[in-house]
Amino acid sequence: MKLRSAALAAAMALAGATAQADVKVGMITTLSGGGAGLGIDVRDGFMLAVQQAGRDDLEVVIEDDQRKPDIAVQLADKMIQSEKVDILTGIIWSNLAMAVVPAATAQGKFYLSPNAGPSPLAGKGCHKNYFNVAWQNDNLHEAAGAYANDTGFKNSFILAPNYPAGKDALTGYKRFFEGEMAGELYTKLGQTDYAAEIAQIRASGADSVYFFLPGGMGISFLKQYAASGVELPLVGPAFSFDQGILQAVGDAAMGVKNTSQWNKDIDNATNAAFVETFQAEYGRLPSLYASQGFDTANLLISAMGKADVADADAFRAALKDAEFDSVRGKFAFGDNHHPVQDIYVREVIKEGDVYTNKIIATGLSDHADAYAADCKM
């Protein structure tokens, strides 16, 4: 296994390193700025699986997209044209995925998504070389809508950032929620002040609040919501209650229900080993994003064991088979190369001094996305 950042690549060149890996992966992810924790977790989960596999025929080149679409496009062009990568992966944000994935797959490259799952790439814009190992963007929000029905909520106020994943989020919630909308807001991507939104929630007459605000946005909102005195119950997807976020939010997140296709207490041997080894390697509990990076790498490694990446048809078939041990337990791709999987309801708890989640129910079983019928490969 070889790992390269831009700086490490220069050092290798100076050292006269000329060996080429049999499979070369370009990872473009967010390693700086407000969303850095998400990209770091995807990277660390991916590299843990690569390290455990011990393969010398796999090279990973890692670059920071800075959460900027133009930077992501430049990096993808460099990786495809200069680095000659076989496979791309790593993007966190759906607007960046929409800027990179169609062009990469059109050039014959495989793209394995460890996170972003925008609806166009699941439906009419699907591609035979694009595989999403995480979820389609709507999925966790659909499970939250179903949970809200089961809980008896009738009038939800919903909000999300104004970018593709935010729009998919609220679409997914509304697809399954059977009640009324007390309000619907799209906030600025990267926003940190939610005083105006919380004032609207207070005056809305809602009986519940559903929000999708990943990374630092979720930290800011949860802290300000707790300080506001508004006592409406919150529901969210895992992205707003993930392991890294919870430590920053603290008691303000306690007891909140959220939806996820993964948690550290899923009972299978692969997941137990992943949680233990990730914590030993990195000194922290793994997040949802880390689990997705880990599964993405293991999917790739499983395909490498069955086919040569130079034989695109055989390698594609090996990816579609998804014959790897997932931290989620059962795992399968639908016809549009997106997961068909269980999605759970979790509750934020505290274990000693650590805030985390526990599974309390299954929100949706063997759930596929709503766009597969529009995918014509």
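Is Arg 175 buried, partly exposed or exposed, and what is its relative accessibility? At 34% relative accessibility, Arg 175 counts as partly exposed, where buried means under 20% relative accessible area, exposed means over 50% and partly exposed lies in between (1.4 Å probe, protein chains only).

Before going further, note that this is a predicted model, in which local features need pLDDT of at least 70 and side-chain atom pairs count only at pLDDT 80 or more, while totals for chains, interfaces and linings use all residues. Residues are numbered from 1 along each chain as its sequence is written, and side-chain values use heavy atoms, with hydrogens and water left out.

**Stop 1**

Helices (H or I, at least four residues) and strands (E, at least two) are DSSP runs, numbered from the N terminus.

**Stop 2**

Where they meet, 21 residues of domain 1 are in contact with 25 residues of domain 2, contact being heavy atoms within 4.5 Å.

The area buried between domain 1 and domain 2 is about 1800 Å², and carbon and sulfur atoms give 64% of it; buried area is the accessible area (1.4 Å probe) that two parts lose on being put together, summed over both. Select Ser 119, Trp 135 and Leu 288 in domain 1, which lose the most area to domain 2 and together make up 24% of what that side buries.

**Stop 2: across the interface**

How many salt bridges does the rule find across the interface of domain 1 and domain 2? The rule finds one. Select Lys 330 and Asp 366, which form a salt bridge whose closest N and O atoms are 2.7 Å apart. To see what else lies on the side of domain 1 that touches domain 2, show helix H4 (94-106), helix H5 (119-122) and helix H12 (288-304), the elements that give two or more residues to that side.

Stay with Asp 366, which is found in strand E14 (residues 354-367) and has a phi near 45°, a positive value in a residue other than glycine. Asp 366 counts as partly exposed, at 46% relative accessibility.

**Stop 3: further along strand E14**

In strand E14, select Thr 362 as well, a residue that counts as partly exposed at 43% relative accessibility. Leaving aside neighbours within four places in sequence, Thr 362 is in contact with Ile 343 and Tyr 344. The C-alpha atoms of Thr 362 and Ala 143 are separated by 8.9 Å, although these residues are 219 residues apart along the chain.

**Stop 4: inside helix H12**

Return to helix H12 and pick Ser 291, which is found there. Ser 291 is buried, with a relative accessible area of 2%, and, not counting residues up to four places away in sequence, it touches Trp 262, Phe 274 and Val 327.

**Stop 5: a network of salt bridges**

The structure holds 16 salt bridges, and one place to look is the network that links Asp 41, Arg 43, Asp 44 and Arg 284. Within it, Arg 284 forms a salt bridge with Asp 41, the closest N and O atoms being 2.7 Å apart. This pair joins distant parts of the chain, 243 residues apart, with Arg 284 in the loop between helix H11 (269-282) and H12, and Asp 41 in helix H2 (residues 36-53). Arg 284 is partly exposed, with a relative accessible area of 27%, whereas Asp 41 is buried, with a relative accessible area of 9%.

**Last stop: Lys 84**

Finally, select Lys 84 in the loop between helix H3 (69-81) and strand E4 (87-89). Lys 84 has a positive phi of about 60° although it is not a glycine, and at 56% relative accessibility it counts as exposed.

Methods: A salt bridge is a side-chain nitrogen of Lys or Arg within 4 Å of a carboxyl oxygen of Asp or Glu.
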